[in-house]
Amino acid sequence: MLVLGIESSCDETAAAIVADGAKILSSVVASQIPTHEKYGGVVPELASREHLRKIEPVVDEACQRARVGIRDVEGVAVTEGPGLVGSLLVGLVYGKALALALAKPLVGVNHLEGHIHAVLLENKMARLTGDPVEEANLPSVTLVVSGGHTSLFLVEDGRHPANSHPVFNYKRLGHTRDDAAGEAFDKVAKLLALGYPGGPVIDQLARSGDPEAVDFGRIKMKGNPLDFSFSGLKTAVLYRVRGTPLAVEAEQRRAWRKTSESARADELRAHCSPQTLDLIASFQNAVVRDLLERTLAAADASRVDSVFVSGGVACNSLLRARFLETSRAQGFRLFFPSPALSTDNAAMIAAAGYYKLKAGQRADATLTAHASLPLGT
Ligand code: KG4
Ligand code: ZN
């Protein structure tokens with residue numbers, strides 16, 4: 001079954017063609033980074049306009065790269081939330097109209113479910129092509145960690161009672177009460193005038209700093225210990241900068257960046273003092289430690305030996321290294337998507353949608369966008 005996936009929940013316009021939920025024939029992502037870069041974050045109105053401009057060419061390109069005609073598509077899966085409503089609506093209305101015109105079935109997909117399926121999809125694809133990889137087994141504890149979300153889920157699979165097709169069950173174990181981890185990376189990068197998005201820049205620069213230089217301490221949570229909170233850490237960074245030479249340095253960097261639009265990492269590093277690099281490395285270290293410890297606690301509490309990590313922040317090199325070394329030391333199985341499938345894409349939406357379509361799920365004309373669509377019980 002060929003499924004067209006459409007994703008427009010934030011600042012990437014994406015379309016993909018995936019066969020049988022397991023083989024990516026194409027995955028096209030049009031990034032809006034140049035549009036939002038100067039604001040240091042996504043501007044919702046600009047994002048919607050960019051989606052409007054790009055949705056049609058992106059879907060066309062996905063079909064061309066997959067070498068399929070739009071009429072060969074057998075089902076349409078579109079992100080219905082969570083995300084920016086104006087952005088979501090562009091992909092959603094386009095997908096709805098397309099499904100109607102082609103008389104093909106349509107399903108709505110939760111964006112977070114998409115991130116979880118990125119792991120399963122890539123694992124299935126690798127195994128189909130004969131790569132000697134371990135099977136990404138369920139039940140698993142999945143950390144979805146991105147610019148908009150930081151959540152832990154228990155993911156289980158089962159069979160649809162009527163048609164015995166695979167179905168997935170999600171239980172939310174914890175989530176962020178304030179900022180998402182990626183948002184904290186982006187805000188710290190903005191404060192220190194390092195550019196947007198902040199995660200990849202901080203990832204690079206932190207390699208030149210001492211991760212133990214600043215002791216931010218553990219993030220304490222009242223109530224559910226599997227919840228997250230990153231706004232306090234972000235504020236702790238602000239207090240270490242405000243009114244100090246680091247703030248002066250950041251303003252100098254901001255002025256320099258205006259004259260040199262796309263600064264390379266090594267140029268940027270040359271404009272950072274050792275103290276700034278230490279602060280960045282210590283911040284990153286504190287975020288990664290918190291994500292790792294809560295994910296381990298969730299796996300322990302759920303008694304599972306399989307851990308998935310997905311979402312933009314899953315690209316972080318320290319996070320990957322720490323999770324990997326811990327998985328080896330503690331003997332749990334660990335699965336990440338490749339960086340291209342960790343960040344927002346439509347292949348993950350097509351893959352999640354495939355199982356819904358196979359199980360007989362159909363969206364009708366009432367399908368609409370939901371900014372805070374929850375996933376799981
Ligand atoms: O999954 P994604 O593309 O979009 C959302 O659903 O939010 O994630 C984007 C987020 C941004 O906050 C970005 O700074 C962060 O992922 N990110 C990273 C890295 N690459 C992207 N954060 C830390 N380290 C990275 N290497
Ligand atoms: Zn995402």
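Here's a walk through the two ligand sites of this predicted model. Residues are numbered from 1 along each chain as its sequence is written, while chains are lettered from A and ligands numbered from 1 in the order in which they are written. Local features need pLDDT of at least 70 and side-chain atom pairs count only at pLDDT 80 or more, whereas totals for chains, interfaces and linings use all residues, and side-chain values use heavy atoms, with hydrogens and water left out.

Let's start with the metal. The zinc ion (ligand 2) is held by H111 (NE2), H115 (NE2) and D344 (OD), at 2.1 Å; donors here are N, O and S atoms within 2.8 Å of the metal (3.2 Å for Na, K and Ca), and since water is not among the atoms, sites may look incomplete. Along the chain, those donors follow the spacing H-x3-H-x228-D. H111 sits in helix α4 (residues 111-128) and D344 in the loop between α12 (339-342) and α13 (347-358), so this pair ties together parts that are 233 residues apart in sequence. Helices are DSSP runs of H or I, at least four residues, numbered from the N terminus.

How buried is H111? Its relative accessible area is 2%, and D344 also counts as buried, at 15%. Buried means under 20% (1.4 Å probe, protein chains only).

Now for ligand 1. It's surrounded by 21 residues, and the closest are G147, D186, G199, D203 and N316 (a residue is near if one of its heavy atoms lies within 4 Å). An oxygen atom of ligand 1 is 2.7 Å from an N or O atom in the side chain of D186, and a nitrogen atom of ligand 1 lies 3.0 Å from one in the side chain of N316.

How values were computed:
Helices (H or I, at least four residues) and strands (E, at least two) are DSSP runs, numbered from the N terminus. Buried means under 20% relative accessible area, exposed over 50%, partly exposed in between (1.4 Å probe, protein chains only). A polar contact is a pair of N or O atoms within 3.5 Å; within protein, one must be able to donate a hydrogen and the other to accept it, and residues adjacent in sequence count only if both atoms are side-chain atoms.
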